[in-house]
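Dear colleague,

Please find the structure handed over below.

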Amino acid sequence: MSGQKKKNFQIEAFKHRVMVDPKYAEKTWKILEHAIQEIYNHNASGLSFEELYRNAYNMVLHKFGEKLYSGLVTTMTSHLGDISKSIEAAQGELFLEELNRKWLDHNKALQMIRDILMYMDRTFIPSTHKTPVHELGLNLWRDVVIHSSKTQIRLQDTLLELVHRERNGEVINRGLMRSIIKMLMDLGSFVYQEDFEQHFLEVSANFYGLESQQYIESCDCGDYLKKAERRLNEEMERVSHYLDARSLEKITNVVEKEMIENHMHRLVHMENSGLVNMLVNDKYDDLGRKYNLFRRVANGGLLIVRDVMTSYIRDTGKQLVTDPERLKDPVDFVQRLLDLKDKYDKIISLAFNNDKTFQNALNSSFEYFINLNARSPEFISLFVDDKLRKGLKGVSEEDVEVVLDKVMMLFRYLQEKDVFEKYYKQHLAKRLLAGKTVSDDAERSLIVKLKTECGYQFTSKLEGMFTDMKTSQDTMQGFHESLGAELGDSPSLTVQVLTTGSWPTQPSATCNLPAEILGVCEKFRSYYLGTHTGRRLSWQTNMGTADLKAIFGKGQKHELNVSTYQMCVLMLFNNADQLSYKEIEQATGIPASDLKRCLQSLACARVKSVLRKEPIGRDIAEDDAFSVNDKFSSKLYKVRISTVAAQRESEPENQETRQRVEEDRKPQIEAAIVRIMKSRRVLDHNNIVAEVIKQLQSRFLPNPVVIKKRIESLIEREFLERDKNDRKLYRYLA
């Protein structure tokens with residue numbers, strides 16, 4: 001088989017030519033033209049679509065596609081011309097209904113025509129780059145019907161009139177509007193934009209410009225914002241019901257510009273109803289509305305609100321911290337700060353969507369005015385002292401944590417955290433030694449918070465104070481076990497042994513203790529030094545308390561809880577009926593300022609006094625005489641005699657504390673300078689100052705003048721040296 005020759009086949013054309021009827025194209029087109037007219041006249045039920053499709057198919061096949069296409073254009077244009085006239089003839093509200101009905105008819109007819117001419121649509125039209133049938137139908141509708149001289153402006157005016165009526169509260173046919181707008185969209189987005197949207201936005205801008213002017217003249221700020229919000233919501237709803245979704249941003253921009261942006265300053269500063277009025281009166285709804293509307297303005301809407309709020313908070317805070325009346329009560333001073341912070345935290349949470357920029361503005365405002373008052377660190381410590389002494393009795397742990405967290409919030413705003421530490425240590429010491437702390441857990445919780453905020457260095461001594469209290473309990477237990485029998489009827493003694501470095505240094509004032517007390521004190525000293533080698537004890541009599549049993553004139557018995565100084569004074573009256581101020585001072589050796597406070601509390605109390613003073617008066621003079629008040633009485637058996645103590649430091653005491661703080665800062669500044677120079681080796685003056693401030697600002701803000709003095713001191717001690725060529729350049733000396 002493989003050896004045989006392959007045969008070549010040829011297909012030849014017919015020998016005779018196939019003749020087409022010269023009038024075939026004309027006849028066929030007449031059939032199709034009649035069918036198109038019948039479709040437009042709603043008589044399509046009698047047509048054979050299969051036969052019509054075949055006729056159109058044959059025309060294209062026999063190269064009469066051009067005739068078919070041009071005939072279609074002519075027929076549709078003619079028919080749409082008639083439709084246009086019938087639409088133009090429609091009166092009043094029937095105009096849109098007629099337009100919509102004819103549009104729906106045209107769409108149905110177009111679908112049928114496209115089905116008949118499908119073969120032309122798929123072959124002839126792509127090859128000749130002509131417009132497809134469906135698109136052609138839409139273009140002709142646009143050009144012949146919509147853009148006819150009488151319809152175009154009328155349609156635009158009718159649509160805008162309906163929108164205007166709806167804005168004025170009338171009910172319109174939204175379904176019809178939606179159909180007409182969809183028709184414009186179907187004809188091409190540029191038709192919708194040029195024939196409707198562009199004019200719609202212009203008319204809207206004019207409408208809202210006039211309306212906003214009327215509102216701003218007649219409404220207060222809250223009402224104006226409600227109206228603006230309602231208008232904005234109406235436009236959004238309008239877009240969702242019958243406009244193109246892409247119009248949403250454009251129309252809302254128009255409303256925002258005309259009703260909000262153009263009147264922002266006036267709305268914020270409006271007298272008796274603007275932003276400040278809303279802040280003062282906690283108008284959360286109005287503030288929330290203002291925030292949400294102003295947030296929509298791109299170029300700084302919220303910035304205006306934030307700036308005015310910040311300015312007002314700063315002014316309010318400044319008045320609070322500089323008001324001499326407020327400074328008389330430190331606890332009330334801090335409570336007012338906390339109330340102010342709570343107020344604005346609530347506003348930012350409920351009205352300003354917890355906006356971080358507003359929170360930051362609030363924080364910077366508090367930091368600004370809280371540091372205007374140099375006594376803020378002291379007052380915050382006094383507030384803590386008040387709460388941890390008595391203010392938190394019977395309060396749940398959760399509420400205690402809330403109070404402590406608020407205190408920590410104020411603490412973070414302080415630039416002089418080391419000053420707070422100084423006062424806090426003093427106040428904590430007094431609470432611990434007097435046993436007046438309401439809860440050890442609360443005390444420790446605050447120390448943990450301070451440790452988290454400022455590091456171990458900040459709280460190590462505070463923790464040492466708690467350690468001393470625990471160690472002292474064990475020491476006293478050992479003392480009583482060891483010397484219990486020897487003590488006999490001696491007064492019972494409880495000693496707290498304080499490590500000098502951990503506790504606030506107190507000037508060790510000498511005081512002559514009564515002989516009964518002195519004996520037991522000496523026994524404790526011998527016991528303690530016998531069990532601990534290499535230590536020294538010095539009695540801090542200004543920090544102690546005592547319980548005395550007293551019998552007054554008519555045999556009333558009371559137990560008096562007094563300070564050590566008060567005990568020393570009262571014990572003198574066991575051997576004397578009357579003593580002068582000079583005699584008391586000489587016998588006790590108590591410093592004059594402390595003795596006067598002590599005698600004031602004993603002889604000048606508002607309630608019954610333990611001692612009587614002659615002459616009667618509030619102040620203690622050196623020629624006063626004192627005797628026991630035999631008429632003293634109290635419903636209670638145990639009576640606490642409180643010392644007249646200044647809650648806040650006097651000006652000289654404050655200056656003294658400041659001086660101590662300044663001294664404590666010097667080694668910290670020097671240590672920071674050495675750390676920086678050790679790592680950088682060579683650095684200019686300005687950069688050293690900047691680095692020192694950066695390193696120490698978590699504790700305090702160092703003064704550049706002080707930094708310069710510490711650099712000079714380090715140069716003298718040969719830690720640093722100046723560069724020989726550049727005096728502002730420093731070198732580290734290893």
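The notes below set out what was found.

This is a predicted model, in which local features need pLDDT of at least 70 and side-chain atom pairs count only at pLDDT 80 or more, while totals for chains, interfaces and linings use all residues. Residues are numbered from 1 along each chain as its sequence is written, and side-chain values use heavy atoms, with hydrogens and water left out.

K417 belongs to helix α20 (residues 417-434); helices are DSSP runs (H or I) of at least four residues, and strands (E) of at least two, numbered from the N terminus. K417 is buried but forms no salt bridge, and the nearest side chain of opposite charge, E453, is 6.2 Å away. Here, buried means under 20% relative accessible area, exposed over 50%, and partly exposed in between (1.4 Å probe, protein chains only). A salt bridge requires a side-chain nitrogen of Lys or Arg within 4 Å of a carboxyl oxygen of Asp or Glu. Lys and Arg count as positive and Asp and Glu as negative, whereas His and the chain ends are not counted.

Two residues deserve attention for their backbone. Most residues other than glycine have a negative phi. H129, however, has a positive phi near 55 degrees. H129 sits in the loop between α5 (118-128) and α6 (133-146) and is exposed, with a relative accessible area of 74%. N354 also is not a glycine and has a positive phi of about 55 degrees. N354 lies in the loop between α16 (330-350) and α17 (356-370), and counts as partly exposed at 46% relative accessibility.

Yours sincerely
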